[in-house]
Amino acid sequence: MSANTEFPGPVKWIDDRLGIAKIGKKNLRKVFPDHWSFMLGEIALYSFIILILTGTFLTFWFKPSMAEVQYNGSYSLLKGLHMSEAYASTLDITFDVRGGLLVRQIHHWAAVLFIAAMMVHLLRMFFTGAFRKPRELNWLIGFGMLFLGIVEGFIGYGLPDDLLSGTGLRITNGMIQASPVVGTYMNFFIFGGEFPGDDFVSRFFIVHVLLIPGIILALVTAHLFLVVYHKHTQYAGPGRTQKNVVGYPLFPVYTAKAGGFFFVVFGITALMGALMQINPVWLYGPYNPAEVTAGSQPDWYMGWLEGSVRIFPGFESHFWGVTLSWNLLIPALIIPPAFVTLVALYPFIEGWITGDKREHHLLDRPRDVPTRTGIGVAFITFYALLWIGGGNDLIATHFGISLNNVTWFLRFAVILGPILAFMVARRWAISLQRADYERLTHGLETGVIVRSPEGKYTEKHQPISTYEAYSLTARDRVLPHEIGPETDDNGVRAPRRALHKARAALSRFYFADAVQKPTAQELEEAHEHAHDPDEIHELTEDTETYREVTSDRS
Amino acid sequence: MSEKRSSLSPARFLSARRRHRSAGLVVLLFGLLAVGSAYAAFAPDDAVADNSAQSQQIEEGKKLFAVGCSSCHGLNAEGGGNGAGKMAGPSLIGVGAAAVDFQVGTGRMPAMQPGAQIPRKTPAYSQEEIEALAAYIASLAPGPAVPAQDSYDVSKATDEQITRGGELFRTNCTACHNFAGRGGALPNGKYAPSLMGVSEKHIYEAMLTGPQQMPVFSDQVMQPQDKADIIAYLKALQTQKDPGGFGLGRLGPVSEGLWGWLVGIGLLVCVAVWIGAKGVKAKGAKAHE
């Protein structure tokens, strides 16, 4: 369609030079499936936009300098005190710039929501298996953004140079110093000398406003480009296959939905900024290495790291005049990176275990892969227990229990909790699978109990709709990886047999207990059985309407 | 006196009689009376009368002590065991009146039950009884006295003093009591209590005597003016409104994170569910009918 001629003048002028009509025609009609859980990533994207807008406002008044000044602003409780220019300008933004406190608070709440939304989005990806081929790289890109977002948030928390953030940086400084051999050098490199020094605010500032946001922006672009390129995943349902996308076109449906959602996110963030006080730097006072306050905690996303350090027993070794602080080395420099790497590489680990090389565009229901779901819940439990450890003092005071008891409980719980959570979640998923199986083969329980003339009680079952049956059976039967014969026909031993054995064992662990969907034969038999007098035959009236667009995935 | 006489001015009356025989005597009497009254008004209470009042107060305190305190602290405040070899209450000899005024005045003593830490509660004794108990304990051995009111009166504190108090507070107190005086955890079930709503006198006495887990900040370590400045900062902090909205308990990032997840993400996910369920389908279904 050469629509060029129909455009009004200015649009034609632009189209002649940029060719937007062609791009628009293709992309505005792009089909996306509809589900609330597909909008979690959007929250993160919109929070990021809010962060850039409010952050720009803040840079107009923030002075990234450690120069010592005397505070003479309007906050009387700190008047006349000597402090860094960074802290003084933060106070000025708060008390003397019109709307400054509101924008500061929106910025901080948006940061809290940005990382929280990325994490919720990641959990959705994990539990639905959206990370499987071909989306493993996009998983890594997303993970990179989460990691950078956390670093970005932590650096931003350090910029005002208040007592709380200074204490947080002091702990970071200790963690860096705890790394063997290179610790001291790295510390001098980052802070430009002894902590805190005069350089860190100006250095952190440029990393915070330019370097990391730039990289995140580039990754966002790549992330979204890949979403368009791969096309969005969808939940199983009638007419939905691995080869199509069923949903609505970007224009006008999603432009309206997503645009509206952006304003809702901005609105809620602005409300939070207006009503809920966050990071009251004026209460903390300026940073002074000789001072510290109870309840010194980082923002929530660093809480699990804090907790890891808090609950770890205080081991230390001394060799030839060198001190190795195991109490920092293990909980801060070994456990968190190991955990993060494990989660980041999970798609590859699972892919190797299952030996699955196919593309997946239909999402799993969490119950349909019980072991993965169990592992996910174990990850959450591990993370959450460390996170709780980061607030052990507040838990102790608010629930009236001993700080030592909280800590000791967590030391065991952090190991036993995930194991227990794994078993419970996995079994739970398997039970749900069995319930689905029952639903498919016997229909749904009506709750109607009938007594036969002989006095026998039976519950009436109703067959489920064809649509539901389709959704429930639109998954693969997954069987454990087979190990193959020990020797081939010529009696030669198969290479790397131990590795294959391990893989087969892991695969059994993944799939052996999972309930497979019924075969066609099983369904047929069950439906034969449905002619028993115990079962009711009439179908429920199907009132669902399917007016979605189907787009080929090619 | 007749009306005529009264019309005479008193000055003329005195002037007319200044050479009276007894004038000198009268002046002397007036002088003595004036000096005596002034002395009675300005001089400290009569030592004898005071002594008897004080000893009466001590006696009173001793009786109250025997009833309410001695089961743990011993009959003569020498400290007591609980019968199982553990100390029930420490010796109170030399703790001073300030310690009694703080412990009983904040309701910590008498304790309801032994524990990691004795909590603050409604005082069980009247101010008069507290003073009697304090007088009794102070009579056993010298110790810090209840501070005079002007030492903790911070109603006229200047901005400079408040700022200075804030700096002292952050240096000496926040490590346990939190940046906003909201309290914090200590090992083994102990805690630094919240300083909100604590009277100026009790904060002063706490610094002076170091109750329970708290270290003593004696007047040699922390000058009376330093103490007053810290109290001034705390009072300013307590009356200050939160400029940014709800203070979320002034507890720092933990409560912020909790609210961010519950309110922020919670609300946004609800909206996502709403948007996901709304819109096209409803409209489409209508058009279809």
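**Close-ups of a predicted two-chain model**

**View 1. The end of helix 17 in chain A.** Just past helix 17 of chain A sits Gly443(A), with a positive phi of about 90°. Keep in mind for this and every other view that the model is predicted. Back inside helix 17 of chain A, there is a bend of about 45° at Ala413(A).

**View 2. Stretches of chain A that carry a UniProt label.** An unreviewed UniProt entry lists "transmembrane region" for residues 43-62, 106-127, 139-159, 205-229, 250-276, 328-349, 369-388 and 408-425 of chain A. Let's pick out two of these. Residues 106-127 of chain A are 100% helix and 0% strand, and 31 Å separates their end C-alpha atoms. For residues 328-349 of chain A, the figures are 95% helix and 0% strand, with 29 Å between the end C-alpha atoms.

**View 3. Where chain A meets chain B.** Here 60 residues of chain A are in contact with 58 residues of chain B. Which helices of chain A each supply at least two residues of the side that touches chain B? They are helix 3 (40-59), helix 5 (100-128), helix 7 (163-178), helix 10 (250-275), helix 11 (281-284), helix 16 (392-399) and helix 17 (403-442). Helix 10 of chain A gives the largest share, 9 residues. Sorted by class, the side of chain A that touches chain B has 38 nonpolar, 15 polar and 7 charged residues.

**View 4. Two domains in chain B.** Now over to chain B, where the domain assignment gives domain 1 (53-140) and domain 2 (149-239). Their C-alpha centres are 23 Å apart. Each domain of chain B puts 13 residues into the contact between them. On the domain 1 side of chain B, those residues are 6 nonpolar, 5 polar and 2 charged.

**View 5. A helix crossing in chain B.** Helix 9 (residues 159-172) and helix 12 (residues 224-239) of chain B have axes that come within 7 Å and cross at roughly 95°. From helix 9 of chain B, the contact residues are Gln161(B), Ile162(B), Arg164(B), Gly165(B), Gly166(B), Leu168(B) and Phe169(B). Helix 12 of chain B brings Asp226(B), Asp229(B), Ile230(B), Ala232(B), Tyr233(B), Leu234(B) and Ala236(B). Taking both helices of chain B together, the contact has 8 nonpolar, 3 polar and 3 charged residues.

How values were computed. Residues numbered from 1 in each chain as written. Chains lettered and ligands numbered in written order. Predicted model: local features only at pLDDT ≥ 70, side-chain atom pairs only at ≥ 80, totals over all residues. Domains from an automatic or database assignment. Contact = placed C-beta atoms within 7 Å. Nonpolar A, V, L, I, M, F, W, Y, C, P; charged D, E, K, R; others polar. Helix = DSSP H or I, 4+ residues; strand = E, 2+ residues; numbered from the N terminus. Axes fitted to C-alpha atoms, helices over the stretch in contact; angles between N-to-C directions. UniProt positions renumbered as here; feature names shortened; annotations may be inferred. Bend = angle between axes of the 7 residues up to and from the residue.
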